[in-house]
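Subject: Handover of a structure

Dear colleague,

Please find the sequence and structure below.

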Amino acid sequence: MLFAQQTYMNKITAAITGVGSYVPENILSNKDLEKIVETSDEWIVSRTGIKERRILKDIDKPTSFMAIKAAEELITKKQLDPLEIDLVILGTATPDMHVAATAAYVASEIGAKNAFGYDLAAACSSFLYGMATGAKFIESGKYKKVLIIGADKMSSIIDYQDRTTCIIFGDGAGAALLEPNHEGLGLLDEYLRSDGVGRDLLNVKAGGSLRPATDSTLASKQHYIRQEGKTVFKHAVSSMANACEQVIKRNNLEKQDIDWLIAHQANKRIIDATARKVGVDDPKKILVNIEKYGNTTSATIPLVLNDFEQQFKKGDTLLFTSFGGGFTWGALYVKWAYDAS
Ligand code: UT7
């Protein structure tokens, strides 16, 4: 362990130095959903752990609206000059538009005039992949401030007549700033994977080049998200647990070394089953806020970071893991770099 730490101290690592988030004010509770589809609060809580989710109702406010708010909260908390930001990576499954990168607009709107920005589309793993990608820019020594945002307006692709999906998803955004660290803190390892077999099990069928929008795709509701829930559930647990185990093993970590497990918030039962498989059995170490927001896709991990920021201490060991459409999944080994309090 000591040898590993010293090895990292001889190189630049990318550390999270600030976080921010935004969720819309409007709450859609399980009771509200009971009035829309054939479901019950009891079913939703027991099967998913979700009590309510936030919905960005305004039709003229897209994903970028929430991404900008989350970034602005981070900028204010950090008293950061946005002109110092080099790069904005926006993880999202619900970009404002096709072709025009939402990240470019977000960067301009937050005053990051010296930055370049691009979107990263890896469904629910977008933030995790974004962290790993952003870290490489920092580690190169050429870039000093990289903003990673995860934001999704899931309500824009939800069929509110489909009880198997509308109860799960919510809207939100979170942001994290990566900066160089010379103390061996920050992102120390990542294990990222994908498997295209998953695209038939979790997707929005139409609207891309495979099935461009037509009257027929609209009429048959192919622009909404669909998933084979049970199958996706099983893949999510085994893939996230395996990714965590790989990271634990190759970094010679002991289970008790993990201070916090931060898993994609898709379903409380998935998080619990993953934690059990990985061997993190202290519930205080397993961070969960799914009851408030539901599954916000790219935003779940930064929303957890922002909600629990005050509890993290410099030097804490964090294990991030996610699983999403594609399939995409992975795990990150992170040493926390600051005391928020
Ligand atoms: O973030 C990206 C990755 N996504 C995920 O990780 C999601 C993974 N999947 C899941 O979280 C779960 O599979 C769901 C929450 C989607 C569904 O939970 P489940 O325990 O797997 O339920 P199920 O699909 O096996 O359905 C059980 C029953 C069915 O009725 P029958 O056939 O047993 O009569 C469903 O029709 O529950 C029914 N059902 C519902 N009942 C009340 C499905 N949705 C609802 C609902 N309210 N909203």
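Helices (DSSP runs of H or I, at least four residues) and strands (DSSP runs of E, at least two residues) are numbered from the N terminus. This is a predicted model, in which local features need pLDDT of at least 70, side-chain atom pairs count only at pLDDT 80 or more, and totals for chains, interfaces and linings use all residues. Residues are numbered from 1 along each chain as its sequence is written, and side-chain values use heavy atoms, with hydrogens and water left out.

The ligand is surrounded by 22 residues, where a residue is near if one of its heavy atoms lies within 4 Å. T39, R47, K230, N267 and N295 are the closest. At least two residues of this shell come from each of α3 (41-48), α8 (229-250) and α9 (268-278), and α8 gives the largest share, 4 residues.

Polar contacts here are pairs of N or O atoms within 3.5 Å. A polar side-chain atom of R47 is 2.8 Å from an oxygen atom of the ligand, and an N or O atom in the side chain of N267 lies 2.7 Å from a ligand oxygen atom. Of the 950 Å² of accessible area (Shrake-Rupley method, 1.4 Å probe) that the ligand has on its own, the protein covers 75%.

There is also an open sheet of 4 strands with mixed pairing, in the order β8-β13-β12-β11; two strands pair if DSSP finds at least two bridges between them. Its edge strands, β8 (186-194) and β11 (260-263), each pair on one side only.

Yours sincerely

Conventions:
A polar contact is a pair of N or O atoms within 3.5 Å; within protein, one must be able to donate a hydrogen and the other to accept it, and residues adjacent in sequence count only if both atoms are side-chain atoms.
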